[in-house]
There are 2 protein chains.
Amino acid sequence: MFDSMKIEHRLDKAAFKEMEHKLREDLLDAQAELIAGKARSILVLLNGADGTGKGAVLNQLYGWLDARKLVTLTYEKPTDEERARPRMWRYWRDMPARGEIGIVLGSWYHHVLVQHVTGAEDRAHFLAHLEAINRFEQMLWREGVVLLKLWLAMDPAKARSVLASLDEKRDERPVVREWGEIRGGKQRRRLDEAAAEAFRLTSTIEAPWTVIPASDTHYRDAMVGEVMLDTLHRANQAGLKAENASPVPPASSLPVPSLLAGLDYTRTLDEAAYRSAIETQQKRITRLTAGPKFRKGGLICVFEGSDAAGKSSTIMRLREALDPRCFRVHPISAPTDEERARPYLWRFWRSIPRRGHVAVFDRSWYGRVLVERVEGFASEADWRRAYGEINDFEHQLTEDGYVIAKFWLAITPEEQARRFEERERVAYKRFKLTPEDWRNREKWPLYDAAVTDMVDRTSTFYAPWTLVEAESKKWARVKVLTSIADRLEGAAEARTARAD
Amino acid sequence: MFDSMKIEHRLDKAAFKEMEHKLREDLLDAQAELIAGKARSILVLLNGADGTGKGAVLNQLYGWLDARKLVTLTYEKPTDEERARPRMWRYWRDMPARGEIGIVLGSWYHHVLVQHVTGAEDRAHFLAHLEAINRFEQMLWREGVVLLKLWLAMDPAKARSVLASLDEKRDERPVVREWGEIRGGKQRRRLDEAAAEAFRLTSTIEAPWTVIPASDTHYRDAMVGEVMLDTLHRANQAGLKAENASPVPPASSLPVPSLLAGLDYTRTLDEAAYRSAIETQQKRITRLTAGPKFRKGGLICVFEGSDAAGKSSTIMRLREALDPRCFRVHPISAPTDEERARPYLWRFWRSIPRRGHVAVFDRSWYGRVLVERVEGFASEADWRRAYGEINDFEHQLTEDGYVIAKFWLAITPEEQARRFEERERVAYKRFKLTPEDWRNREKWPLYDAAVTDMVDRTSTFYAPWTLVEAESKKWARVKVLTSIADRLEGAAEARTARAD
């Protein structure tokens with residue numbers, strides 16, 4: 001592995017004890033600032049081959065830090081609930097809150113390294129995984145999660161002998177064994193090589209690797225303490241987020257045509273055609289979501305649109321076609337405090353359905369580039385980087401077999417006014433209307449521009465937007481259901497083609 | 001089943017449409033009040049044999065109510081994460097927030113009925129389950145969860161023919177089938193009988209059953225709408241909680257001796273005895289938690305005690321004995337808003353470990369009868385009923401194989417003052433001390449009484465309290481670890497005895 005690891009790194013007990021007292025004070029001070037600041041969290045990825053002392057380092061960190069804001073996050077063989085969702089879901093579900101430190105055993109590098117070292121995945125996949133990890137870690141950093149990535153390094157022969165002596169006393173002291181899949185000396189050497197390559201490709205300014213010489217326990221612990229302290233300082237730095245936000249591309253001065261203005265709002269359907277078309281499309285959706293093929297993927301629908309554009313009643317038509325046990329609607333409004341304490345996408349990852357299920361988001365992660373942009377709740381740097389982060393998020397889902405169908409339901413301002421007035425007249429529709437809805441109409445042109453940008457930047461080949469002329473509710477419902485059925489059919493055909 | 005069900009219940013379409021308009025208005029008004037009030041939630045348990053129209057009733061409720069505050073909760077075959085925890089965990093994890101309505105398919109009655117009807121469990125178990133359900137539902141009611149328990153009733157022959165015609169078109173309309181375990185006409189009849197018995201035994205004032213004649217769809221839907229409205233009204237009633245709280249037993253005028261005053265605070269250990277004893281007990285704990293036997297249960301430790309009594313450092317000694325991947329500490333402080341929006345015990349159910357794991361609660365559900373009682377955060381009626389609810393909670397856990405070890409770490413006020421002063425002097429201990437800690441000392445006698453009551457009322461044979469003289473930290477740590485090892489050993493022996 002690293003040449004410098006071959007040199008002996010030692011620290012004697014007296015020197016260690018001398019530095020430890022001050023280190024502990026500094027760590028607790030810095031952690032107190034992290035807790036009080038409630039602005040950032042830290043994830044310590046504690047990696048290393050078996051026998052290098054992960055368990056001991058973990059206990060040492062607990063000994064030094066305020067344990068009430070420390071949490072150990074461990075990932076072994078995935079549970080069936082985890083297997084039924086995209087690979088990164090298990091890491092998202094445990095994401096610590098701002099102010100907390102999570103120590104991760106079995107990080108997202110583990111699986112990637114195992115697959116590569118055992119030959120289950122080729123080099124191209126290995127590199128693609130590392131590239132995806134880089135983008136993920138960059139996003140975490142910008143969302144206030146500071147990473148400390150540790151690799152405990154030890155000569156393989158020494159690690160083997162440590163492990164053997166630990167195993168002898170396994171009844172007396174717990175041993176953390178994580179790499180059961182890695183067998184024999186050759187794979188063990190390949191693990192070191194693969195780890196070195198991973199460090200090279202994923203040591204970024206935002207999330208650098210630190211290799212810890214782990215043969216001497218005092219040296220190891222002292223170094224871990226020092227980089228932990230450094231990480232706490234980085235997390236406590238003011239202005240960290242703004243500084244490191246992605247550069248904002250300058251706005252063009254050319255006039256941008258509105259996508260919404262270009263729609264044909266006269267489209268409609270008569271009652272008979274509507275009834276027949278809805279029934280046909282509902283039956284298609286029932287059929288396409290009932291088969292075993294569908295259980296290999298899942299369906300995620302995103303509904304965005306102006307107020308009163310008909311989202312709820314369209315979702316109702318979709319509901320009728322689906323088994324209620326596999327269908328869930330997530331209405332998105334203000335985040336809870338648990339959600340606010342974590343990266344933006346956490347609240348959506350919470351609701352990602354298991355395979356074979358359907359989730360509808362009634363408003364969605366696009367809030368950041370719509371309402372948060374227009375109302376100024378997010379800084380320009382934040383909503384601009386969101387396009388790329390959302391594309392990454394949706395890419396992960398589609399790579400995992402999910403179909404993503406995104407709809408913007410469009411009506412004219414005049415039609416909206418008519419519908420608002422109707423809501424005021426009809427008692428049982430009144431609950432849907434708030435004074436804020438009338439006020440929001442003033443921002444129509446701003447939303448128009450935001451929608452154009454959003455569709456331009458996030459309509460990908462794997463998760464395209466469908467703009468829906470919703471002036472006629474009947475037209476809109478049929479168009480949405482037809483589009484969902486078409487997408488499901490396309491995914492089923494692609495799956496069959498791949499299987500042949 | 002019920003004789004009245006043999007009479008035909010009909011409502012023609014015109015009469016239904018006439019009443020529906022008003023019903024819908026009233027439902028939306030009442031639901032708007034529920035949402036605005038944020039005081040209570042509703043769980044609609046939608047039960048009935050297959051073919052009686054559960055899916056249709058669900059869609060009808062979605063058509064009438066504001067779908068953004070409705071959520072469908074469905075329970076089929078448990079996932080492995082659910083199987084790894086007590087039976088009721090799956091219902092707790094989905095508990096809706098105040099203001100929301102959850103519609104439950106596959107409620108907690110389902111499993112109990114199936115076990116009884118198929119003969120997997122005898123009548124005594126059936127009755128015991130129903131009794132436990134009664135206590136559970138009473139607790140939910142008092143915690144602000146209003147239950148609507150529906151049973152869709154239909155002549156078995158008719159239900160069978162409905163199901164057959166639905167099955168023919170299964171590709172076109174989803175069918176909710178839940179009772180796959182019930183086979184043949186005889187078991188089907190026994191299901192009706194068992195359901196009738198369950199209604200009789202679990203129709204309480206807090207959570208009555210409503211049987212819905214389901215042969216005529218208009219009659220069925222109208223009746224569901226009416227009881228739904230009635231339930232919303234019940235949930236919106238002011239003062240509901242206080243009225244129905246359990247009667248408060250009058251306080252005795254006799255002097256109550258303090259349990260804490262009776263402890264021998266001079267107990268201590270010398271360094272050599274301490275080192276040897278701690279190591280012995282840690283090894284016992286490592287051994288007792290490593291075997292396959294332990295994986296059939298789990299360990300839940302509760303640490304309560306005065307400030308500075310030494311909880312954290314004791315927990316650290318336990319941590320050293322355990323595999324970090326199976327061990328988690330839950331420090332309990334102020335609840336989040338998601339926790340506040342749900343029944344009191346929800347935040348603890350969230351953290352119940354899977355079998356084979358160890359969870360430590362650093363402060364716990366006893367907060368209600370300690371700090372909330374002393375500070376007046378909970379009403380007297382609320383903290384008094386908590387004793388019984390906590391006993392039920394812990395009983396469920398131990399019935400499921402968990403060992404519960406509860407510790408009160410006791411020090412004298414003088415020792416506490418010494419430790420506070422030390423914390424002020426030593427920099428890295430300072431983070432643990434707040435001005436509030438000094439103020440809390442004034443309430444020492446109140447805590448003393450609260451602890452005596454708590455131990456009297458919640459030290460059960462299945463989850464006893466251990467009072468720990470903690471004036472000497474060494475004594476306390478050894479006593480706690482010894483007690484945990486003894487409890488684990490006792491559980492392992494009991495398991496072996498049962499297996500023989």
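Predicted model: local features only at pLDDT ≥ 70, side-chain atom pairs only at ≥ 80, totals over all residues.

Colleague: Why does T202(A) count as buried?

Modeller: Buried means under 20% relative accessible area. T202(A) has 0% relative accessibility, so it counts as buried.

Colleague: What makes the pairing of T202(A) with the side chain of W209(A) a polar contact?

Modeller: The cut-off for a pair of N or O atoms is 3.5 Å. The side chains of T202(A) and W209(A) come to 2.8 Å, so the pair is within the limit.

Colleague: On to the two chains. Why is the pairing of E76(B) and R325(A) called a salt bridge?

Modeller: The N to O distance between those side chains, E76(B) and R325(A), is 3.6 Å. The rule asks for within 4 Å, between a Lys or Arg nitrogen and an Asp or Glu carboxyl oxygen, so the pair qualifies. Across the interface of chain A and chain B, the rule finds eight salt bridges.

Colleague: What is the area buried between chain A and chain B?

Modeller: About 5300 Å², with carbon and sulfur atoms giving 55% of that. R68(A), R325(A) and Y428(A) supply 15% of the area that chain A buries against chain B, more than any other three residues. The contact draws on 56 residues from chain A and 56 residues from chain B.

Terms used: Residues numbered from 1 in each chain as written. Chains lettered and ligands numbered in written order. Heavy atoms only, no water. Contact = heavy atoms within 4.5 Å. Buried area = accessible area lost by both parts, 1.4 Å probe. Buried < 20%, exposed > 50% of the residue type's maximum accessible area, 1.4 Å probe, protein only. Polar contact = N/O pair within 3.5 Å; in protein donor to acceptor, adjacent residues only side chain to side chain.
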